[in-house]
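Student: I would like to learn how to read the packing of helices and rings in a protein model, taking one feature at a time. Could we work through an example together?

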Amino acid sequence: MDRWKIRYVEQGLAGLEGERPGGPREQVPARVRARVIALTRMTPPDGTGLSHWSTRELAKYLERTENLTVSWHYIARVWREESLKPHRLGTFKISKDPAFAEKVADVIGLYLAPPGGAVVLSIDESGRTGAR
C-alpha cells in the first residue's frame, strides 16, 4: 500500500495507472492436467487402500509419489470439465478379503440351490468405504 501512496504523491493519478504489480498467475502445465486425467481413469494402486480416487486423495498421491503439487480444487475443476466421476464407475470391484472366493461360492450356492422352503433375500450393506 505504501508503494501506491508514494506513486500517487509523486505522479498523481497517472502513478496509479498502468500495469498491475506482480506477474500473472502461473498456470498448471498441460502435462500435469494430463496426469490428473490419466490417474483418475485408473484404479488407485494397491498400496493406497482405495477403491476409487477422491480429489483430496489424488492431490496427496501426486505430491507424495510424483512431487506434483496441485490443489484438490484444481482436480475437482478438471473432473467437472472432463465429466469424470470416478466415484460412479460402472465396473465391478473385486474384494481384497482373503476369504472372498469362499463367500461368493456360498452366496451363489444359495441362489442356485436354496434350502427346501427357504426364501433368499439380498441386502446391500455398502457404507462409505464400500462393500465388505
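Student: At roughly what angle do the axes of helix H3 and helix H4 cross?

Tutor: In this predicted model, the axes of H3, which covers residues 55-66, and H4, which covers residues 72-82, come within 8 Å and cross at roughly 115°. The crossing of these two helices is right-handed.

Student: Which residues make the contact of H3 and H4?

Tutor: On the side of H3 the contact is made by Thr-55, Arg-56, Leu-58, Ala-59 and Leu-62, while H4 brings Trp-72, Ile-75, Ala-76 and Trp-79. Sorted by kind, the residues of this contact are 7 nonpolar, 1 polar and 1 charged.

Student: Where does the charged end of Arg-56 sit?

Tutor: The charged end of Arg-56 lies over the ring of Trp-72, at 3.8 Å from the centre of that ring.

Student: How is a pair of aromatic rings described?

Tutor: One gives the distance of the centres and the angle of the planes. The count here comes to 1 aromatic pair. The rings of Trp-53 and Tyr-61 have centres 5.0 Å apart and planes at 55°, so this pair is tilted, since only planes over 60 degrees apart would count as edge-to-face.

Student: Are Trp-53 and Tyr-61 buried or exposed?

Tutor: Both Trp-53 and Tyr-61 are buried.

Student: Which residues of helix H2 are buried?

Tutor: Within H2, which spans residues 30-40, the residues Val-32, Val-36, Ile-37, Leu-39 and Thr-40 are buried, and H3 and H4 are among what covers them.

Terms used: Residues are numbered from 1 along each chain as its sequence is written. This is a predicted model: local features need pLDDT of at least 70, side-chain atom pairs count only at pLDDT 80 or more; totals for chains, interfaces and linings use all residues. Side-chain values use heavy atoms; hydrogens and water are left out. Rings of Phe, Tyr and Trp (its six-membered ring) pair if their centres lie within 6.5 Å; planes under 30 degrees apart count as stacked, over 60 as edge-to-face and the rest as tilted. Buried means under 20% relative accessible area, exposed over 50%, partly exposed in between (1.4 Å probe, protein chains only). A charge sits over a ring if NZ of Lys or CZ of Arg is within 6 Å of the ring centre and within 35 degrees of the ring normal. Axes are lines fitted to C-alpha atoms, for helices over the stretch in contact, and angles run from 0 to 180 degrees between N-to-C directions. Helices (H or I, at least four residues) and strands (E, at least two) are DSSP runs, numbered from the N terminus. A crossing is left-handed if the near helix is turned anticlockwise from the far one by less than a right angle, and right-handed if clockwise. Contact means heavy atoms within 4.5 Å. Ala, Val, Leu, Ile, Met, Phe, Trp, Tyr, Cys and Pro count as nonpolar, Asp, Glu, Lys and Arg as charged, and the others, Gly among them, as polar.
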